[in-house]
Amino acid sequence: MISDFPPRKAFGDDERDAIDEVSTYYRYHDADPGYNGIFQDQFEKDLANFYGKGEAVAVNSGTNALYIALCALSLKEGREVIVSPVTDSGTVHAILAANLVPVVADAAPGSYNTNLEQVRDCTTDQTAAVMLVHTAGEPVAETAAIAEMCKNAAIPLVEDVSQAMGAHIDGRFVGSYGTLAAGSMMYRKNLQCGGSGGFVYSTDPDLIRRVMAHRDRGKQTWRTDINQNDPGTGLFPALNHNFNEWESAIASASLKRLKKTNLDRLMFLYALHEKMQDAKCGSLLHGFHTGYAPFYIPVWSPFQDKVGFAKALKAKGIPLLEHYGCVVADWLHVEKHINWLPNHSYSEGAVPWASRSPNARTTRDSTFNLFLNENYDIWHVRRIVQAIKDTETEMEARGAARRK
Ligand SMILES: Cc1ncc(COP(=O)(O)O)c(C=O)c1O
C-alpha cells in the first residue's frame with residue numbers, strides 16, 4: 001500500500017547545503033576531509049551552545065557514546081549500573097562492553113519511563129552508576145529527584161537522551177541533569193546526522209578530556225604540544241570511535257531545526273489528542289509532558305487484543321508498531337548478564353520471568369507505538385481518528401473483549 005502519510009525528509013535542503021559546504025571547503029583548500037575537523041568542531045560547539053554551557057564530543061554511534069561515557073567514569077569492573085527498563089539494546093550492550101553489570105529498574109506505573117522509587121529500589125553498595133533513558137522523547141518526570149539522589153550517594157548519573165533531544169522539564173533540557181549525557185544521532189532520531197552518529201556531553205572538563213581520549217585510542221587530542229601520531233603519548237588503551245566532517249555538518253543543520261521539529265510534532269499530538277476526545281475514541285494517547293520531544297507516542301488500546309487492534313489500524317495505512325520489542329526484560333541474549341536483584345520490592349530471590357519489569361510490560365502489552373513526524377498535519381489527525389473510530393466499531397461488532 002502506498003502511504004498517504006508524508007515521509008520525514010530529515011535530509012532536507014539545509015542538510016544538502018551543509019554537505020555542499022563541506023565539499024566546497026575541502027576542494028577549495030585542496031585537503032581531504034578527516035576527523036576532528038572544522039565542521040566537527042563547529043557541531044560540538046553548536047551542541048554545547050544548545051545546552052548553554054559545557055562541552056560536547058561527537059562520536060560514531062549512540063551505542064559507542066554511552067560506552068565511552070561509562071569508560072570515562074572509570075568505574076570498577078563488575079560493579080552495577082542501574083538502567084531504565086525500556087530502551088534500545090545499545091544502552092544495555094554499552095554497559096556490558098564496559099565490563100559492568102546492568103540492573104534493570106522497572107518503569108513507573110502506566111509508563112515506559114522509570115522513576116525515583118524504582119531507581120532507589122535497585123540501589124545497593126554495588127551501584128556504580130545510573131543510566132537513565134528518556135524513552136520515546138518523554139522526559140523522565142523525576143529526573144531532578146533522581147539526580148539529587150545520585151549526587152547525595154556520589155553515584156554518577158548518565159542520561160541517555162537518544163530519543164529525547166530537546167525534551168525538557170520546566171525549560172531545562174534533559175541531558176543537563178546528569179554527570180554526563182550521551183545520545184544517538186542515527187538518521188531516524190529527532191536530532192540526526194545522516195547515517196550513524198552520537199555524542200557525549202558534560203559540564204565537567206576533566207570528564208570531557210577522558211571522553212575525548214576514549215573516543216580516539218587513548219589519545220590526548222586536545223593537546224597541541226605532543227605528536228598526535230605517536231601512540232606512545234596515549235593515556236590508556238581505547239578503541240577508535242571517531243566521527244567525520246560530513247555527518248557533523250548534517251548534524252549542525254539538524255540541530256538548527258530541532259526546536260521546530262519537536263514543536264511541530266507536539267502540535268500534531270495536541271490536535272490528535274483533542275480530536276480523539278471530540279470523537280469519543282476508546283483509544284487513549286499516552287499522557288505526555290509539556291516538555292515532550294515526541295519520537296513516537298504510545299497509544300493505549302481499548303481492547304485486550306491490542307496487537308489485533310493495532311494490526312487492523314495498520315491495515316488501514318496508519319504507520320505504527322504493534323508490539324514494542326525494547327523491553328529489556330524480554331531479551332534472552334542479555335538475560336544471564338543482568339543482575340535481577342533480589343532486593344527489588346517486587347522480586348524475591350530467583351524471580352519468575354514474568355515478574356521482571358512488570359510495569360514496563362503492562363505498558364507495552366496495553367499499547368502500540370504510533371509513529372509521527374514533523375510533516376503530519378490536521379489532515380493526518382483526521383485520518384488517524386477516523387481509522388481508530390472505524391476499527392473500534394469493527395472490533396465492538398465482533399465482540400472483542402475490552403481491556404480492564
Ligand atoms: C534510547 C537509545 N539508546 C541507545 C541507542 C543506540 O544508538 P545507536 O543506534 O546510534 O547506536 C538508541 C537508538 O538507536 C536509542 O534509541
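**View 1. Contacts of Phe-268 in the predicted model.** Leaving aside residues up to four places away in sequence, Phe-268 touches Leu-372, Tyr-376 and Val-381; two residues are in contact if their C-beta atoms, placed from the backbone, lie within 7 Å. This is a predicted model, in which local features need pLDDT of at least 70 and side-chain atom pairs count only at pLDDT 80 or more, while totals for chains, interfaces and linings use all residues. Residues are numbered from 1 along each chain as its sequence is written. Phe-268 belongs to helix α9 (residues 258-278); helices are DSSP runs (H or I, at least four residues) numbered from the N terminus. Phe-268 is buried because 22 other C-beta atoms lie within 10 Å (the cut-off for buried is 20 or more).

**View 2. Packing of helices α3 and α7**. Helix α3 (residues 62-72) packs on helix α7 (residues 205-215) at an angle of about 125 degrees, and their axes are 9 Å apart. Axes are lines fitted to C-alpha atoms over the stretch in contact, and angles run from 0 to 180 degrees between N-to-C directions. From α3 the contact takes Ile-68, Ala-69, Cys-71 and Ala-72, and from α7 Leu-207, Arg-210, Val-211, His-214 and Arg-215.

**View 3. The shell around the ligand**. The ligand is surrounded by 15 residues, the closest being Gly-62, Thr-63, Asp-88, Gly-90 and Ser-184; a residue counts if its C-beta atom, placed from the backbone, lies within 6 Å of the molecule. Elements giving two or more residues to this shell are α3 and α4 (89-97).

Key: Buried ≥ 20, exposed ≤ 12 C-beta atoms within 10 Å, placed from the backbone.
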